[in-house]
Amino acid sequence: MGSPGELAELLDREAYLAGEGLATAAFLALRMGRPLLLEGEAGVGKTELARTLATVLGAPLIRLQCYEGLDGPQVLYDWDFARQLLHLKAAEAGGVTDAARLEGEVYDRRFLIARPLLKAVETQPSVLLIDEIDRADVEFEAILLEVLSDFAISIPELGTIRAERPPVVVLTSNRTREVHDALKRRCLYHWLEHPSFDREVAILLRRLPACSATLAEQVARAAGRLREAGLVKPPGVAETIDWTEALLTLGARELDPDLAAATLGALLKHREDHETVLGNGILGDLRG
């Protein structure tokens, strides 16, 4: 691909409609070999971009889901102690007593379990998705610095494993905390907004061919109003797709307020938001 526009067209073929800013950021990340850090509200399409890039590039998607307490052995590599022990017992039964030989055999590559980061370094090509990095501890970011700088992992027993072709790296953050500046400096950055009305309509029609233009417009208009209603968790485009699919499953061609209320669980995932929407009569005006 020779331009952001060409990348946007390739993403569009996979039903991902990227705006000019996002397409440019992704294109530059690919051409410059830099990780791409995407921040934005949950459900705006950060993770989906990584999935779609993997499809467009014909590369496997390697996903690292971040959480509190994540550490090196869970993301880099670990040794398969059970298989190592079985090997030692088999060697002992076979009469092998050479300690140096046994030590060399037990730390062979076949006993190494590749976790996501090592798997991405060893797999060419690949797309590495480091999802919701803001949920991991700050200390975890230090592990990423070496990997994202050199795309190499040092294993004391085996040496350094270096990527022949660096993976495409996408990091996502819902900004529940700030990502450290040292990590940000290694990345290109893009803030992903909720889609505009026209883009959300286009996304719904693209992802759900059975959806009528009328229903898509009404759902997009409703979602826009709900995002301005002071909810605990405003709906992202992922939720509007789910909501529209639920409405279509029930045979809706237009946004009926009663049916919208009955399917609200596909759109809003907090009890307080349900109470706000139902209690304030917001659904009565959703047809616009």
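A salt bridge is here a side-chain nitrogen of Lys or Arg within 4 Å of a carboxyl oxygen of Asp or Glu. In this predicted model, the structure holds 15 such salt bridges. One of them joins the side chains of Arg206 and Asp12, with an N to O distance of 3.9 Å. Arg206 is partly exposed, at 32% relative accessibility. Asp12 likewise counts as partly exposed, with a relative accessible area of 32%.

Helix H1 also takes part in a helix packing. H1 (residues 4-13) packs against helix H2 (residues 20-32) at an angle of about 105°, and the two axes are 8 Å apart. Because angles of 65 to 115 degrees count as roughly perpendicular, H1 is roughly perpendicular to H2. On the H1 side, the contact is made by Pro4, Leu7 and Ala8; on the H2 side, Ala23, Thr24, Ala26, Phe27 and Leu30 meet them. Sorted by class, this contact comprises seven nonpolar residues, one polar residue and no charged residues.

A further salt bridge is found between the side chains of Asp78 and Arg115, at 3.9 Å from N to O. Asp78 lies in strand S3 (residues 77-79), whereas Arg115 lies in the loop between strand S4 (112-114) and helix H7 (116-122), so the pair connects parts that are 37 residues apart in sequence. Asp78 is partly exposed at 23% relative accessibility, and Arg115 is partly exposed with a relative accessible area of 28%.

Helix H7 is itself reached by another such pair. Arg109 forms a salt bridge with Glu122, and their closest N and O atoms are 2.7 Å apart. This pair links distant parts of the chain, with Arg109 in the loop between helix H6 (99-106) and S4, and Glu122 in helix H7, 13 residues apart. Arg109 has a relative accessible area of 29% and is partly exposed; Glu122, with 32%, is partly exposed as well.

Salt bridges may also share partners. Through such shared partners, Glu39, Arg175, Glu178 and Lys184 are joined into one network.

Methods:
Residues are numbered from 1 along each chain as its sequence is written. This is a predicted model: local features need pLDDT of at least 70, side-chain atom pairs count only at pLDDT 80 or more; totals for chains, interfaces and linings use all residues. Side-chain values use heavy atoms; hydrogens and water are left out. Axes are lines fitted to C-alpha atoms, for helices over the stretch in contact, and angles run from 0 to 180 degrees between N-to-C directions. Helices (H or I, at least four residues) and strands (E, at least two) are DSSP runs, numbered from the N terminus. Angles under 35 degrees count as roughly parallel, over 145 as roughly antiparallel, 65 to 115 as roughly perpendicular and the rest as oblique. Contact means heavy atoms within 4.5 Å. Ala, Val, Leu, Ile, Met, Phe, Trp, Tyr, Cys and Pro count as nonpolar, Asp, Glu, Lys and Arg as charged, and the others, Gly among them, as polar. Buried means under 20% relative accessible area, exposed over 50%, partly exposed in between (1.4 Å probe, protein chains only).
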